Amino acid sequence: LSSSSSFRDLSKPIGALDEKRFQVFEERFQNFSDPDIPSFYYGSHYSNMGIVLFYLLRLEPFAFLHRNLQGGKFDHADRLFHSIEGTYSNCLTNTSDVKELIPEFFYMPDFLVNSNNFYIGVKQDGEELGNVILPLWAKDSPEEFISKNREALESEYVSQN
């Protein structure tokens, strides 16, 4: 955490971190023409109820709310939050994904664990979803993951940038 390379560019929103992807958003903004709707970069907001439910689907009452939003069942497993690396990668490359982190990433390890033993689903590749897959540096510990995130958030680098 002492190296700036450990951090994303905090001067830009998540949708602008990858230059190639940002050009798609810029082109949309410049070429959009509607008499009733102003030009926009992103087709969704970086934080909304759906995003909160995406991250917190392993905890009640959010699991209930998620299922309610999805017609009574969990969404397709391939679209659910199951991996930190996969979610971050998608946020850097997919033009329909501009999710930012929610506060729970900095204080609540519980949302990373399927302690209710919900049957969340099986991905097309056969992987059954359970606990969120953490980065290697977290050593399979949600507490370590949250602790390092909080340490990063409270670091000098973040305070100065």
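This is a predicted model: local features need pLDDT of at least 70, side-chain atom pairs count only at pLDDT 80 or more; totals for chains, interfaces and linings use all residues.

Residues are numbered from 1 along each chain as its sequence is written, and side-chain values use heavy atoms, with hydrogens and water left out.

## Overall form

The protein chain has six helices and zero strands; these are DSSP runs (helices H or I, at least four residues; strands E, at least two), numbered from the N terminus. The C-alpha trace spans about 50 × 45 × 30 Å along its principal axes. The accessible surface comes to about 10000 Å², and 52% of that surface belongs to carbon and sulfur atoms; the areas come from the Shrake-Rupley method with a 1.4 Å probe, and for residues only the protein chains shown count as cover. Among contacts (heavy atoms within 4.5 Å) between residues at least 6 apart in sequence, 62% join residues at least 24 apart.

## Aromatic rings

Rings of Phe, Tyr and Trp (its six-membered ring) pair if their centres lie within 6.5 Å; planes under 30 degrees apart count as stacked, over 60 as edge-to-face and the rest as tilted. By this rule there are 16 aromatic pairs.

F22 belongs to helix α1 (residues 19-31) and Y41 to the loop between α1 and α2 (49-56), 19 residues apart. Y41 is partly exposed, because its relative accessibility is 28%. F81 lies in the loop between α3 (62-69) and α4 (84-93), whereas F105 lies in the loop between α4 and α5 (142-153), 24 residues apart. F81 is buried at 0% relative accessibility, and F105 is buried with a relative accessible area of 3%.

F81 and F105 also belong to one aromatic cluster with F54, Y55, F111, W137 and F145. The charged end of K99 sits over the ring of F54, 4.3 Å from its centre. Such a charge is NZ of Lys or CZ of Arg within 6 Å of the ring centre and within 35 degrees of the ring normal. R67 likewise lies over the face of F118, at 5.4 Å from the ring centre.

## Nonpolar cores

A nonpolar core is a set of buried Ala, Val, Leu, Ile, Met, Phe, Trp, Tyr and Cys residues joined through side-chain atoms within 4.5 Å. The largest has 17 residues, and those with the most contacts inside it are Y55, F81, I84, F105, F111, L112 and F145. Its largest share, four residues, comes from α2. A second, separate core of eight residues includes A63, F74, A77 and F118.

## Residue D97

D97 is found in the loop between α4 and α5 and is buried, at 4% relative accessibility. Its side chain makes a polar contact with the side chain of N90 (2.7 Å). A polar contact is a pair of N or O atoms within 3.5 Å; within protein, one must be able to donate a hydrogen and the other to accept it, and residues adjacent in sequence count only if both atoms are side-chain atoms.

Note on methods
Buried means under 20% relative accessible area, exposed over 50%, partly exposed in between (1.4 Å probe, protein chains only).
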